[in-house]
Amino acid sequence: MNRLREFGCHIITSQHTIDEILRLAILADKLSYDHVRIGDHVIVPNAEVSYPNAQTLLAAFGVLTKHVRISTAVTDCYRRHPVEIAQAIATLDVLTHGRAVLGIGAGEMMNLSPFGIEWTKPVKRLREAVEVINLLLASTPKSPATYEGEIFSLKKAYLQIKPVQKPRPPIYIGAAGCKTRELVGMVGDGWLPVGVESPQTLKKHLLDVKNGAERTSRQISNIDIDVTVYTAVDEDIENAYRVVSPAVKSMLVQQREVLRELTGLEVPENLSLQRIDPTDKERLMSFEEMVKQVPRSAVEDVAAFGPIDSVIGKLEEFLGAGATSLTICIIGLDHEKTLRAYAEKIIPYLKETYGSH
């Protein structure tokens, strides 16, 4: 069983007003969560919800909180050039006195195609972006960075702001495929499995991260495996399932590899998280039909819902499968009440049992 490094929460920004998002972040900070994350999208499949800019929210988090680490899950390197990402994360690190974390991934078509941004060579682009960001965060006017890649280049480039953390804020890579998981092992400080995982699939997919680490002579023990778990805490397990299942079934369809491994269901590639296009109404209808086919057993495999003991049991399964940090994503019910239930009854037990002593 792995040692539990951190316990965080992911706030689904499309479920709340901006005032509510800020209130939840402040509460998580006061309740001693280790980390607060938010998504980074322009549009999402539900066109009826509001979706604010993630970078602006992180700056607000930085001012309003005192202890939690803050990041996106995750930013892409298409809408934002790695130069801008590097400067922003350095600034956020100064603003928060060393609490910034960079969450970065290979991108998704729904944030790109409607805006005329071509989604090409995602793995190559992600690797080069991480290399450029590392160089820029280490750069100074007296020691500028030069880089010549297939996609990005630098010529005597430097930033005029330095992060507080040394050598730089940690970089967590959102990865849902074999190649990006291997990239985590090669260059990442942490792995954020995108969407959902079960303990069974986590153990299997972790082998890709290990392979990447071995290729670059890195130690897998130095890479944080931070698993996001969708959750609903309720003594009535059937009510908890009703609350959590729509969102989890949707994520399982988008995370097609996990769904196939758990159930054998084959999801067309154009319905995956990386390729779904919310502006394509016909494709959305196909997506909704696919969601209806996801069985309850798959939801039970990936989500932590029901009474406290059931939730703890599922989280322990993830730790046993290789997770070293856990991040909850609260679905429905009372979010503040759920944050408090975790802070009072679940996190203390897990940290006492699996944390460092």
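Because the model is predicted, local features are reported only at pLDDT of at least 70 and side-chain atom pairs only at pLDDT 80 or more, whereas totals for chains, interfaces and linings use all residues. Residues are numbered from 1 along each chain as its sequence is written, and side-chain values use heavy atoms, with hydrogens and water left out.

Helices (H or I, at least four residues) and strands (E, at least two) are taken as DSSP runs and numbered from the N terminus. Two strands are said to pair if DSSP finds at least two bridges between them. A residue is called buried under 20% relative accessible area, exposed over 50%, and partly exposed in between (1.4 Å probe, protein chains only).

Strand 10 (residues 224-233) is mostly covered, with 10 of its 10 residues buried. One side of strand 10 carries D224, D226, T228, Y230 and A232, the other carries I225, V227, V229, T231 and V233, and both faces are covered. Strand 9 (residues 190-193) runs parallel to strand 10 and is joined to it by two bridges. In this pairing G190 is found opposite D224.

Beyond strand 9, S198 occupies the loop between that strand and helix 6 (199-215). S198 is buried, since its relative accessible area is 2%. Contact here means heavy atoms within 4.5 Å. With residues up to four places away in sequence not counted, S198 touches L262, D301, V302 and F318. The C-alpha atoms of S198 and F318 are separated by 7.5 Å, although these residues are 120 residues apart along the chain.

A further buried residue is T75, which has a relative accessible area of 1% and lies in strand 4 (residues 75-76). Apart from neighbours within four places in sequence, T75 is in contact with D40, Q55, R80, I85, G103, I104 and G105.

Two packed helices are described by the angle between their axes and the distance between the axes. Axes are lines fitted to C-alpha atoms, for helices over the stretch in contact, and angles run from 0 to 180 degrees between N-to-C directions. Helix 11 (residues 308-321) and helix 12 (residues 335-354) pack at about 35°, and their axes are 11 Å apart. Residues I308, V311, I312, L315, E316 and L319 of helix 11 meet Y342, K345, I346, Y349, L350 and Y354 of helix 12. By class, this contact has 10 nonpolar, no polar and two charged residues; Ala, Val, Leu, Ile, Met, Phe, Trp, Tyr, Cys and Pro count as nonpolar, Asp, Glu, Lys and Arg as charged, and the others, Gly among them, as polar.

A disulfide is a covalent bond between the sulfur atoms of two cysteines, assigned here to a pair of cysteine sulfur atoms within 2.5 Å. A search of the whole structure finds zero disulfides. C9 is in no disulfide, and the nearest cysteine sulfur, that of C329, is 9.2 Å away. C9 counts as buried because its relative accessibility is 3%. For C77, the closest cysteine sulfur is that of C178, and the separation of 19 Å is too far for a bond. C77 also counts as buried, at 0% relative accessibility.
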